[in-house]
Amino acid sequence: MGAKHILVINSKGGVGKSTLTSNLASYFSFKGRTALCDFDRQMSGVRWLERRDSSRRKIDSITGWEYRGTDDYEWIIMDPPAAVTRKDLTSLIARSDLIIVPVLPSPIDIHAAADFIRDLIVYGRIRTTQKPIAVVANRARTNTVIYDQLKSFLQSLKLPFITSLRDSQNYIHASAQGIGIFEMDPMMVARDIEQWQPLLRWINEAAEIGRMPLMDQTAPGTPTKSKQQKPLLRAVN
Ligand SMILES: Nc1ncnc2c1ncn2[C@@H]1O[C@H](COP(=O)(O)OP(=O)(O)OP(=O)(O)O)[C@@H](O)[C@H]1O
Ligand SMILES: [Mg+2]
């Protein structure tokens, strides 16, 4: 069986792509041979790995665009830059098995995410290939109006809204040490780890199934129709 390629992508900068990829790489390094594939000239992923102590679980570094596929790994986590061309977007999606879109719950970010998800669906041929795709709210403060709007918006796209990750210094401390929150004192990160559980479950299930119809994807905690608010943006068809 070939490696499962997880792509964490959003055309907006600073939404947590590298934070999610490094933490996913940290998590999957305990499950099987794992590599982080950094496509970004900023090389946050490569630098994170350079800070990683050799006594930690091994995570290999693969240089983005030069990578042509290998059977050496079970998990390959892909960290692309913010703005990618349509051609690169198509190519990244073609290389991936699962797609995760981190979104910050702010009005600007939600609007940008709407455009980006539309591009993903059109240029990445997401609906045709039925690649599992899910959205994660990052640095989220739940019980805010904008958070509810983000939820409604994702409902309108019929995309699973998997989990919300809080703003936490733990991510910053982990990044500084070249580790993920899964490698920190469990007492300190208990709340964060809990927030990751739905995402890890979704990845494991989606990776097993391989393909799942976009419309049938549901996430734990997804509000029922009656509770939905008026969508902030029109749905993408
Ligand atoms: N949940 C979080 N809690 C606290 N800080 C966070 C969280 N998520 C991300 N950050 C911080 O926000 C900054 C941007 O995050 P990150 O580098 O992961 O974003 P990115 O989408 O990869 O950015 P770029 O587009 O520049 O590659 C980093 O300093 C990171 O440590
Ligand atoms: Mg980054």
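Colleague: Let's start with the overall picture. How many helices and strands are there in the protein?

Modeller: There are 8 helices and 7 strands. Keep in mind that we are reading a predicted model. Of the 237 residues, 41% are buried. Among contacts with a separation of 6 or more, 81% join residues 24 or more positions apart.

Colleague: On to helix pairs. How are two packed helices described?

Modeller: By the angle between their axes and the distance between the axes. Take helix 4 (residues 107-123) and helix 6 (residues 145-157): their axes come within 10 Å and cross at roughly 10°. An angle under 35 degrees counts as roughly parallel, so helix 4 is roughly parallel to helix 6. Helix 4 contributes Pro-107, Ile-110, Ala-114 and Ile-117 to the contact, while helix 6 brings Ile-146, Gln-149, Leu-150, Phe-153 and Leu-157. By class, that contact has 8 nonpolar residues, 1 polar and no charged.

Colleague: And at what angle do the axes of helix 1 and helix 2 cross?

Modeller: Helix 1 (residues 17-28) and helix 2 (residues 44-51) have axes that come within 10 Å and cross at roughly 40°. That angle makes helix 1 oblique to helix 2. Their crossing is right-handed. Ser-18, Thr-21 and Ser-22 of helix 1 meet Ser-44, Gly-45 and Trp-48 of helix 2. This contact divides into 1 nonpolar residue, 5 polar and no charged.

Colleague: Next, a loop residue. Where does Ser-11 lie, and what is Ser-11 in contact with beyond its neighbours within four places in sequence?

Modeller: Ser-11 sits in the loop between strand 1 (4-8) and helix 1. Having 19 other C-beta atoms within 10 Å, Ser-11 is partly exposed. The contacts of Ser-11 beyond those sequence neighbours are Ala-82, Ala-83, Val-84, Ala-112 and Phe-116. Ser-11 and Ile-117 are 106 residues apart in sequence, with their C-alpha atoms 9.3 Å apart in space.

Colleague: What about Ala-94: buried or exposed?

Modeller: Ala-94 counts as exposed, because it has 12 C-beta neighbours inside 10 Å. Ala-94 belongs to helix 3 (residues 86-95).

Colleague: Last, the backbone. What is phi of Met-43, and what is phi of Arg-139?

Modeller: Phi of Met-43 is near 55°, a positive value in a residue other than glycine. Arg-139 also has a positive phi, of about 55°, and is not a glycine. Met-43 is in the loop between strand 2 (34-38) and helix 2, and Arg-139 is in the loop between strand 6 (133-138) and helix 6. Met-43 has 18 C-beta neighbours inside 10 Å, so it counts as partly exposed. Arg-139 has 20 such neighbours and therefore counts as buried.

Technical notes: Residues numbered from 1 in each chain as written. Chains lettered and ligands numbered in written order. Predicted model: local features only at pLDDT ≥ 70, side-chain atom pairs only at ≥ 80, totals over all residues. Axes fitted to C-alpha atoms, helices over the stretch in contact; angles between N-to-C directions. Helix = DSSP H or I, 4+ residues; strand = E, 2+ residues; numbered from the N terminus. Parallel < 35°, antiparallel > 145°, perpendicular 65-115°, else oblique. Left-handed = near helix turned anticlockwise from the far one by under 90°. Contact = placed C-beta atoms within 7 Å. Nonpolar A, V, L, I, M, F, W, Y, C, P; charged D, E, K, R; others polar.
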